[in-house]
Number of protein chains: 2
Amino acid sequence: MSTDPIISHNERAPLGASLPWTQVLDSLKLSAEGLIPAIAQQHDSGEVLMMAWMNREALEETLRTGRVCYWSRSRGTLWRKGESSGQVQQLKEARLDCDGDTLLLLVDQSGPACHTGRKSCFYNAIRGDRVEVVSETLVHPVKLYGR
Amino acid sequence: MSTDPIISHNERAPLGASLPWTQVLDSLKLSAEGLIPAIAQQHDSGEVLMMAWMNREALEETLRTGRVCYWSRSRGTLWRKGESSGQVQQLKEARLDCDGDTLLLLVDQSGPACHTGRKSCFYNAIRGDRVEVVSETLVHPVKLYGR
């Protein structure tokens, strides 16, 4: 619950109060690797689609282009969502949490967000002593990735 | 997009297929600090409330008691949500993403989730060159924490 010195100025501010984005950006609490977690939520249905990571460059590109770009930790490169699958995310709004260390992206997801071809990556429900698949594949992964 | 050897068995499985939770738990991809990010979403409205971290103990307690318990990185202790504010989170369902490194918690949040007294921690919207407060305080923090 520790607070960032800049974003914390919004803590007790009324609806509509605002801070300069460039100042907030410069004081974002990134991880040791320079990353911030970003949750993608379908803007109209409210479905939580996925969680991935951004570095400053990915965040700035996303805000500039309106198309969501993450940082791929496994590949060590910018990851323009949909660049291989075609399933892009258009940004509707980006939000920061109270202590400025997590992003919530309201997006319009074209087709499935998940590499398995499901709308959301969160399809494994822990129910009693089992982990059960609770959503269906929309598009077969072969159609998305050719494999 | 790398996949955990156990949870990956659900990737191409049909709706209703399941895996043993204990095996999945033993192979969760925790961070170097033994933590996994957990997104809390209000189960009925779909509002994303907050993102925090769990260690294995917090996750097991949450599943056992039905009341959400995180790991506080700043305090280095288990953090039973609502223990000081009274604003508890009852767990409706816990879900894992495709590669087993993020949790989505469907919860019933009593009152505000945010320490600022707002329902959600994600009240800062990046709009143009400003970061604007887009939700109102439900309860004054003084009523929650006495300060």
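This report describes a predicted model of two protein chains, A and B, beginning with chain A as a whole and ending with the residues that a database record marks.

## Chain A as a whole

Chain A contains 3 helices and 9 strands, and when it is read along the sequence these elements follow the pattern β-α-β-β-α-β-β-β-β-β-β-α. Its C-alpha atoms fill a box of roughly 45 × 35 × 30 Å, taken along the principal axes.

Of the 147 residues of chain A, 55% count as buried, and the accessible surface of the chain comes to about 6300 Å², with 47% of that area belonging to carbon and sulfur atoms. Among the contacts in chain A with a separation of 6 or more, 42% are made by residues 24 or more positions apart.

## How the two copies are arranged

Chain A can be superposed on chain B by a rotation of 180 degrees with 0.0 Å of shift along the axis, and the RMSD is then 0.0 Å. The two copies are thus related as by a two-fold rotation axis. In chain A, the C-alpha nearest this axis belongs to A:Gly46, which lies 2.6 Å from it.

The copies meet through the same surface, because 98% of the interface residues of chain A are also interface residues in chain B.

## A hairpin in chain A

A:Gly46 also has a place in a hairpin, which is formed by strands E2 and E3 of chain A with 5 residues between them; in the turn, A:Gly46 has a positive phi of about 85 degrees. Strand E2 (residues 36-42) pairs with E3 in the antiparallel sense over 6 bridges, and within this pairing A:Ile39 has A:Met51 of E3 as its bridge partner. Strand E3 (residues 48-54) is mostly covered, since 7 of its 7 residues are buried.

## Annotated aspartates

The unreviewed UniProt entry gives the annotation "binding site" to A:Asp97, A:Asp99 and A:Asp101. A:Asp97 is placed in the loop between strand E6 (89-96) and strand E7 (103-109) of chain A, and A:Asp101 also belongs to the loop between E6 and E7.

Are these two residues, A:Asp97 and A:Asp101, buried or exposed? Buried means under 20% relative accessible area, and A:Asp97 therefore counts as buried at 3%, as does A:Asp101 at 15%. Leaving aside neighbours within four places in sequence, A:Asp97 is in contact with A:Ile7 and A:Thr102 as well as with B:Cys121, B:Phe122 and B:Asn124, while A:Asp101 is in contact with A:Lys29, A:Ile36, A:Pro37 and B:Arg73.

## Annotated cysteines

The feature "binding site" is also placed by the unreviewed UniProt entry at A:Cys98, A:Cys114 and A:Cys121. These residues span 24 residues in sequence, and the farthest two C-alpha atoms are 27.9 Å apart, so they do not all gather at one spot.

A:Cys98 lies in the loop between E6 and E7 of chain A and is buried, with a relative accessible area of 3%. Not counting residues up to four places away in sequence, A:Cys98 touches several residues of chain B, including B:Cys114, B:His115 and B:Cys121, and within chain A it touches A:Ile7 and A:Glu11. A:Cys121 is found in the loop between E7 and strand E8 (124-127) and is likewise buried, at a relative accessible area of 9%.

Key:
Residues are numbered from 1 along each chain as its sequence is written. Chains are lettered from A and ligands numbered from 1 in the order in which they are written. This is a predicted model: local features need pLDDT of at least 70, side-chain atom pairs count only at pLDDT 80 or more; totals for chains, interfaces and linings use all residues. Side-chain values use heavy atoms; hydrogens and water are left out. UniProt positions are given in the numbering used here, feature names are shortened, and annotations may be inferred rather than shown by experiment. Helices (H or I, at least four residues) and strands (E, at least two) are DSSP runs, numbered from the N terminus. Buried means under 20% relative accessible area, exposed over 50%, partly exposed in between (1.4 Å probe, protein chains only). Contact means heavy atoms within 4.5 Å. Two strands pair if DSSP finds at least two bridges between them. Copies are superposed by least squares on the C-alpha atoms of residues with pLDDT of at least 70 in both. Accessible areas come from the Shrake-Rupley method with a 1.4 Å probe; for residues, only the protein chains shown count as cover.
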